[in-house]
Amino acid sequence: MSTEPGVLAVVESQLSNFGLTPLRAAHELGFHTLLVSNDPDRYRVVGIAEEVFAKHIDQIIQADTNSVETVVEALQPFHAEGRLRGVMTVTDYNIPIVAEVAARFGLPGLSPQAARACRDKLLMRHACEAAGVAAPGFHQATSEQEALDAADRFGYPCVVKPMTESASIGVTLCRTQDEVLAAYRDISSALTDFRGQPRRPGALVEEYLLGFEVSVESVLVNGERRVLGVTDKALGAHPYFVEMGDTFPSMLSAPVREQCTNLACRALEAVGHDFGAAHVEVKVTAKGPYIVEVNGRMPGAEITQLIREATGIYLQREVVRLHTGQSADLTATRDQAAASRYLAAGASGTLTGIGGAELARRVPGVVDVDLEVEPGDRVRPAESNLDLLGYVVAVGDTTGDAVRRAEAALGQLTPVIAPVTGGER
């Protein structure tokens, strides 16, 4: 048995500060950290990338991360040495691949079947339907006529989405037949997703849920599901479903939070979620809560930071512990609230700068202001979470305090955008 440090491998991640934080947490726990990626440089656009790459990533392995066999081959030498302690990811695209790899090596992880059900929105919908879990009506359309027929059945407006994307990519509210056709054609014409993996044929047409959205954050530890809390989510204007802010804990009444939590736990049981963290999105309507998505991972964006600021629970570190066979400590050490708000461009063009960052940092309670774009970058009004320009995070003694401070800080930020000229492409 090797006396060198145990190895924790992160197979791809989200393109955000949150995405790289598990590597930092693993390194702080004393692990030899690996980033396995088919394009490691994609993460260098993230705000904390240079620090994490310099201080917290011990080794980078470039490999085809869309292939279970290739990832197994890349990690086999560490396994043979007895050093491989865990393998994980925080991006939806690689959850099934990592689950298969962990199973091959006998490491802790989500079961491959549950990982596939969390990853694929069609499988998730079927699982919830079979278990009687409240969810919108849905249909996988594989032709334009099927898409129109489904839209007519559910009524307008309806939602058209790809089945295996993340970050709200391609999710569109359609109010007319022409909009359904345009969304269907856009989705069905792309054979691969954002990370180059094959998409399911066609598109998912769903009943539109009129209401507001929350998410339920939980962790399965020793067979017991620990609910950390409910997050209030602010979405941008239709036809898109861009996440414009999160607040933890929720300001909703205890009965509504309980209804959402119970539904989320039932949905997790339906998909067979059997390990680690989960992030379940719920829409609260006049008829009660309905499942939007079931994700077999930690919450993305800045929600883990909000949880840490509000409760003291360092979720990334505790999830790393679970993936390496250790127990997790989910004991809250503080009782506060935190909120994030995200910056979007008001027009398409070339960013020349963002004013007001120092003012935003001076707002009482603000703990983070991160701008994820630079002058010269092309920007556009947000159609998915990938189009956002940055964010602010603020804390307070109450949810209201945190929200008002985050919104005040966001209001200081002013993107300056040069319009696209006629000759530019």
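**Helices and their neighbours**

In helix α10, the buried residues are Ile303, Thr304, Gln305, Leu306, Ile307, Ala310 and Thr311. That is seven of nine, so α10, residues 303-311, is mostly covered. Keep in mind that this is a predicted model. Just past α10 comes glycine 312, with a positive phi of about 85°.

Next, α13. How far apart are the end C-alpha atoms of helix α13? They are 17 Å apart. The helix has 12 residues, 399-410, and at 1.5 Å a residue it should span 16 Å, so the two values agree.

Now the buried positions in α13. These are Thr399, Ala402, Val403, Ala406 and Ala409. They cover an arc of only 135° around the axis, so they sit on the same side of α13. An α-helix has 3.6 residues a turn, so residues three or four places apart point the same way.

What covers the buried residues of α13? The cover includes four strands, β11 (243-248), β14 (337-343), β16 (366-371) and β18 (390-396). It also includes a helix, α12 (357-362).

On to helix pairs. Two packed helices are described by the angle between their axes and the distance between the axes.

Take α1, residues 17-28, and α11, residues 315-323. They pack at about 60°, with axes 8 Å apart. That angle makes α1 oblique to α11. The crossing is right-handed. On the α1 side, the contact uses Phe18, Thr21, Pro22, Ala25 and Ala26. On the α11 side, Gln316, Arg317 and Val320 take part.

The second pair is α6, residues 121-131, with α9, residues 254-271. Here the angle is about 110° and the axes are 8 Å apart. Roughly perpendicular counts as 65 to 115 degrees, so α6 and α9 are roughly perpendicular to each other. From α6 come Met124, Ala127, Cys128 and Ala131. They meet Arg266, Ala267, Ala270 and Val271 of α9.

Last, one single residue. Arginine 104 is in helix α4, residues 95-105. Is arginine 104 buried, exposed or partly exposed? Its relative accessible area is 45%. Buried needs under 20%, and exposed needs over 50%. So arginine 104 is partly exposed.

Which residues does arginine 104 touch, leaving out those up to four places away in sequence? Val68, Glu69 and Val72. Arginine 104 and leucine 343 are 239 residues apart in sequence, and their C-alpha atoms are 42 Å apart in space.

Technical notes:
Residues numbered from 1 in each chain as written. Predicted model: local features only at pLDDT ≥ 70, side-chain atom pairs only at ≥ 80, totals over all residues. Heavy atoms only, no water. Helix = DSSP H or I, 4+ residues; strand = E, 2+ residues; numbered from the N terminus. Expected span 1.5 Å × (residues − 1). Buried < 20%, exposed > 50% of the residue type's maximum accessible area, 1.4 Å probe, protein only. Arc of directions from axis to C-beta. Contact = heavy atoms within 4.5 Å. Axes fitted to C-alpha atoms, helices over the stretch in contact; angles between N-to-C directions. Parallel < 35°, antiparallel > 145°, perpendicular 65-115°, else oblique. Left-handed = near helix turned anticlockwise from the far one by under 90°.
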